[in-house]
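Please look over the structure shown below.

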Amino acid sequence: MEQDEGPSTPPAKQSSSRIAGDTNKKTLEPRVVFIKKSQLELGVHLCGGNLHGVFVAEVEDDSPAKGPDGLVPGDLILEYGSLDMRNKTVEEVYVEMLKPRDGVRLKVQYRPEEFTKAKGLPGDSFYIRALYDRLADVEHELSFKKDDILYVDDTLPQGTFGSWMAWQLDENAQKIQRGQIPSKYVMDQEFSRRLSMSEVKDDNSATKTLSAAARRSFFRRKHKHKRSGSKDGKDLLSLDAFSNDSIPLFEDSVSLAYQRVQKVDCAALRPVLILGPLLDVVKEMLVNEAPGKFCRCPLEVMKASQQAIERGVKDCLFVDYKRRSGHFDVTTVASIKEITEKNRHCLLDIAPHAIERLHHMHIYPIVIFIHYKSAKHVKEQRDPIYLRDKVTQRHSKEQFEAAQKVEQEYSRYFTGVIQGGALSSICTQILAMVNQEQNKVLWIPACPL
């Protein structure tokens, strides 16, 4: 991922466990702190994020974490309970610390110099793809459209849970405008609520809720008059709406609002996978009309056992294969790279389920789907050179239905969709889309949010 790495840990120095007020030592050994939580809130202020780590910014006087063996400002939070916090956002650490527990074990390290640099600055760093459209209501909020790429740099702005600060990016991944957006937790809860309302009218399930008072007490700011009001009906940021079990912080849940992505440098020409009806005709036309641009990926004929072929797939030597009478037609990684090294786009002949396999091999094809209105629309296509024979009604129906199934099951992999019609028009659209996508910044899915 295009993200700054956190500072490496300098060599530790010997020290006692009581470090309150000791600001002369630059780095101390990691230590374990046990806190008995007598209340829901912990009374700890946080700063930083996944960029350089999450720090304790302040410990309130009445906090159970206060004391000679407790937490102090400048502590880098390494572990909370059994969870590693070194690559977590400040919001993730914040929410984890809100979860009710009788007692908790923390592993921390006093890092005053890094803390001084991190304090007061945005400390998070990751990219997301928006999965919905949003029109901002007020000036400081950010508007965006579905599939826009945003760069998030603060997941707990000014201690406010439920909003993120993000940058809108252009096609070259350059920052355009910064503003506030709803957090993943707010939007996922909202989408879940709407889904529940549409499916089940009766919502009587009782769950524990984290009160807004807990949020305010946990992250109480010194200048209370600077807080935005949290009691009016427009406040979406209150934890009142969140049940304790509805925040799957460290689980592989799929967000309905945002997809975490990473930027990939792709200097080589990307392979092209075309899906939809009349594929062979379209690929033949592309190769003949733009021979210096495209080349079909040759299928290697292999007489081997099914087990040997599958082992080749597992070892990332083969991308896909088709069983024939007495042999297999195999698409190999070597064949794709050979064409790419000749500075041509490799036209792939693989099933759509193999796209994920390519991603695991760090090969990211441009996937273009040709959409036809109906089977009749497919049947009507003619070309004096590449499609002289009339497409039968049965063949057109089979191809159209197969394309519908591909669109339904694999549309998440589509780079773009073009409308079916005259073959010359289709090829012109494909050529333009390939040129455009090759010059764009490439974003691929990262770890789940």
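Q: What share of the accessible surface of the chain belongs to carbon and sulfur atoms?
A: This is a predicted model, in which local features need pLDDT of at least 70, side-chain atom pairs count only at pLDDT 80 or more, and totals for chains, interfaces and linings use all residues. Residues are numbered from 1 along each chain as its sequence is written, and side-chain values use heavy atoms, with hydrogens and water left out. By the Shrake-Rupley method with a 1.4 Å probe, where for residues only the protein chains shown count as cover, the accessible surface of the chain comes to about 24000 Å², and the part belonging to carbon and sulfur atoms is 48%.

Q: Is Thr332 buried or exposed?
A: Buried means under 20% relative accessible area and exposed over 50%, with partly exposed in between (1.4 Å probe, protein chains only). Because the relative accessibility of Thr332 is 5%, this residue counts as buried.

Q: Which residues is Thr332 in contact with, leaving aside its neighbours within four places in sequence?
A: Contact means heavy atoms within 4.5 Å. With those neighbours left aside, the residues in contact with Thr332 are Glu300, Met302, Leu317, Phe318 and Val319.

Q: Which residue in strand 11 is the bridge partner of Tyr127?
A: Strands are DSSP runs of E with at least two residues, numbered from the N terminus, and two strands pair if DSSP finds at least two bridges between them. Strand 7 (residues 126-130) pairs with strand 11 (residues 258-264) in the antiparallel sense over four bridges. In strand 11, Tyr127 has as its bridge partner Val261.
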